[in-house]
Amino acid sequence: MIEIEHLTKVFGTTKAVDDVTFRVEEGEIMGFLGPNGAGKSTTMNILTGYLSATSGTCRVNGVDILENPLEAKRNIGFLPELPPLYMEMTVKEYLDFIYDLKGCTFPKTQHIKEICDVVKLGDVYNRLIGNLSKGYKQRVGIAQALVGNPRVLIFDEPTVGLDPKQIIDIRNLIRMLGREHTIILSTHILPEVQAVCDRIVVINKGKLVANEKTEDLVTAVDGSRKMIAKIVGPEEEVVKALGAVAGIRSVSVLGKRDTDSISYLVESEDRVDARKPLFYTLASKGWPLVGLEGMELSLEDIFIRLVSDQKKNARNRKGGEN
Amino acid sequence: MFAIYKRELRAYFVTPLGYIFCGMFLLVSGLLFYWTTLAEQSTESLSEYFLYLVMMFAILIPLLTMKLLADDRRIKTEQLLLTAPVSLTGMVMGKYLAALTIYGCTFLVNSFNFVLLYLYGTPNTAAILANILGTFLIGAAFIAVGLFLSSLTQSQLIAAVSSIGVIVAMLLLFFVIEYVPYAWLRSVLQWFSVVDRYLPFMNQSLSIPAVVYYLSLAALFVFLTVRVYDKRRWS
C-alpha cells in the first residue's frame, strides 16, 4: 500500500532523513516512533507531497508521489502536526471547503454527516473553529483527513497536548478507523503505539532503527523484566533469599517507601516470569509481599537498547571488514 | 482551484480586510475624483484622476494581497493546500483570482463616478474607457506583485510593507528616469516603467503594447509565485 524506498532528505548540510526504507501493507496501522527531531515529520511531509525528497521514492497505492502527485494525494488523508484549520470558519464551512478542495464526487451532505458522526463533531457543527477546545480542533483535523474517504491516513502526533480522556478517545477512534484504512501514526509515546499499532517503525536521527511487529519489538527489547516488590521483612535476608531464586537475575534495594515495607527492584532472567517463585519463596519464609508492580518499558529504554545494538552491529561490521 | 478561490473570497468579508479595502478604495477614489473633475467643473483633468488613483494603488493593493499566502504559511494551512489534490498553479491562481475579483468589483462600483459626468456634460467616452482599462490592468499587475511578495514571508506586515516598497519603486521610476544621464539607460527604464506605458491612455488612446505589458507583468509574478512554492519544496 505504502512503499518508501531509500528515502533521503537533506536540509542544507543536515540529513533529516537518511536512506529510510519500509513498507506498510493494506489495512495495517503502523506506528512511526522516534524522539523529537528524528525525522518523522519530514518523512510524512515527503510522503504527502508537501516536501520533495532529495533522493529515493515514495509510492502510495502504487502511484509515485512525484510522478503523479494529484493521483497519489487523492489516496491520502493527512493530519499534520498542527491541524491546518481556518479559525474564522465554522466546522460546517470548513468541511464543505475541504470537500470542494479534494474534488469529491459522492453526496456532500451525507458524506460530511457520516464523518461528523464518526469523529463526534455533531455538537459543534455550527460553531467557529477558533472557539473550539483543543480536543475538538484535533477532531476537526481528523475529520478533514477523512473527507473524500482516502485509503491511507497519515496522522502526525495526533494526541499531543490533549488531556488523558481525549487521548483515549482519539486512540479508540484511530483503532476504529484502522478497520477500513491503512494508517501511519507518528508519535513519541510508546504506550500509544502499543495500544494502537500492528507494526512499529523506529527512526532516530533520520536513520531507520527498527521495523517490526509490535509484540516482537517490545519482547525483543524487553527481554528481561523489571519489577518493583514491596516486602515486609529483614532487608539483608530478603535480598539473599531472592537472589537465590531461580529465574531472578538481580535484586537491589530501593529503600523504605512505606512505614513497614521495603521496596526492591527485582530483575528477572530473559523471558522468564519470576513472579510465582518470588511469591512462594517469600511465603515460605513468612515475609508478606504487600505490593508488586511491573515497570513499564519506556521509549527511552527501547531507544537506548536499539541504538546501542545498532552501534554494536556497526562496530562488528567494521571489524569484519578489517 | 475553485474551492480555494471561493474560500479566499469569503475570507475577505468575514475578516475586516475586504471592507477596509473597499471602503478605502472608494473613499480615496471619490475624493480624487471630486478634486480633479467636480471641483474643477471640467473633465479636462480626468486623466490626472486616473494617474493619482494608480499612485494610490501603492497603499491599496497591498491591503488586498498581504494576507493571501503569508497567513496560510503562518497558521500552517499551507500544508493542507499543498497536500490536497490541487496543482500549485491552481492554488496560486485561486488566490490571485480571489483578490482580483474583490478589486474588480470595487472598481466597478467606483465607475459609478463617471455616470455623474454624463449628467453634467458630454465627456469623451472612449477616453474614459481606455483609462479604466489601463488603470484596471495596472492594478491587476500590482496584485500579482503583492501575491508574489506575500509568498516569501509568513508575516503579513512584512508582506504589506515590502509590497508598498516595490510598488512605489515601480511608480517612482517614471519620475527618476529624467535624471538618468545616459540615453540608452533611459530608454530601457522607460520600457519597464509602468507609468510611462500609461501615457498613451492619458492621451485618450488605447495602447496595445501597454495592455500586453501589464498582462505579462501579472503573468510573470503569478508564475514566480508558483516557482517560490516549487523551490521551497525542494530546498
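## Basis and confidence

In this predicted model, local features need pLDDT of at least 70 and side-chain atom pairs count only at pLDDT 80 or more, while totals for chains, interfaces and linings use all residues. Residues are numbered from 1 along each chain as its sequence is written, chains are lettered from A and ligands numbered from 1 in the order in which they are written, and side-chain values use heavy atoms, with hydrogens and water left out.

The model has an ipTM of 0.88 and a pTM of 0.84. Chain B has an average pLDDT of 91 (the predictor's confidence in each residue, from 0 to 100), and 100% of its residues score at least 70. Within chain B, confidence is lowest in helix 7 (residues 112–120), with a mean of 84, and highest in helix 6 (residues 88–110), at 95. Helices (H or I, at least four residues) and strands (E, at least two) are DSSP runs, numbered from the N terminus.

## Largest pocket

A pocket is an open set of points on a 1 Å grid over the protein atoms alone, with protein on both sides within 12 Å along at least five of seven lines; a cavity is a set where a 1.4 Å probe fits but cannot get out, and lining residues have an atom within 4 Å of a point. Grid points are joined across faces, edges and corners, and a volume is the space filled by probe spheres set on the points.

The largest pocket has a volume of about 510 Å³. Its lining has 19 residues, and Asn45(A), Tyr50(A), Leu51(A), Glu78(B) and Gln79(B) lie nearest the centre. Helix 1 (40–47) of chain A, and helix 5 (77–83) and helix 12 (208–234) of chain B, each supply at least two lining residues. By class, the lining has six nonpolar, six polar and seven charged residues (Ala, Val, Leu, Ile, Met, Phe, Trp, Tyr, Cys and Pro count as nonpolar, Asp, Glu, Lys and Arg as charged, and the others, Gly among them, as polar).

## Cavities

There are two cavities of 30 Å³ or more.

## Cysteines

Over all chains, zero disulfides are found (pairs of cysteine sulfur atoms within 2.5 Å). The sulfur of Cys58(A) is too far for a bond because the closest cysteine sulfur, in Cys197(A), is 19 Å away.
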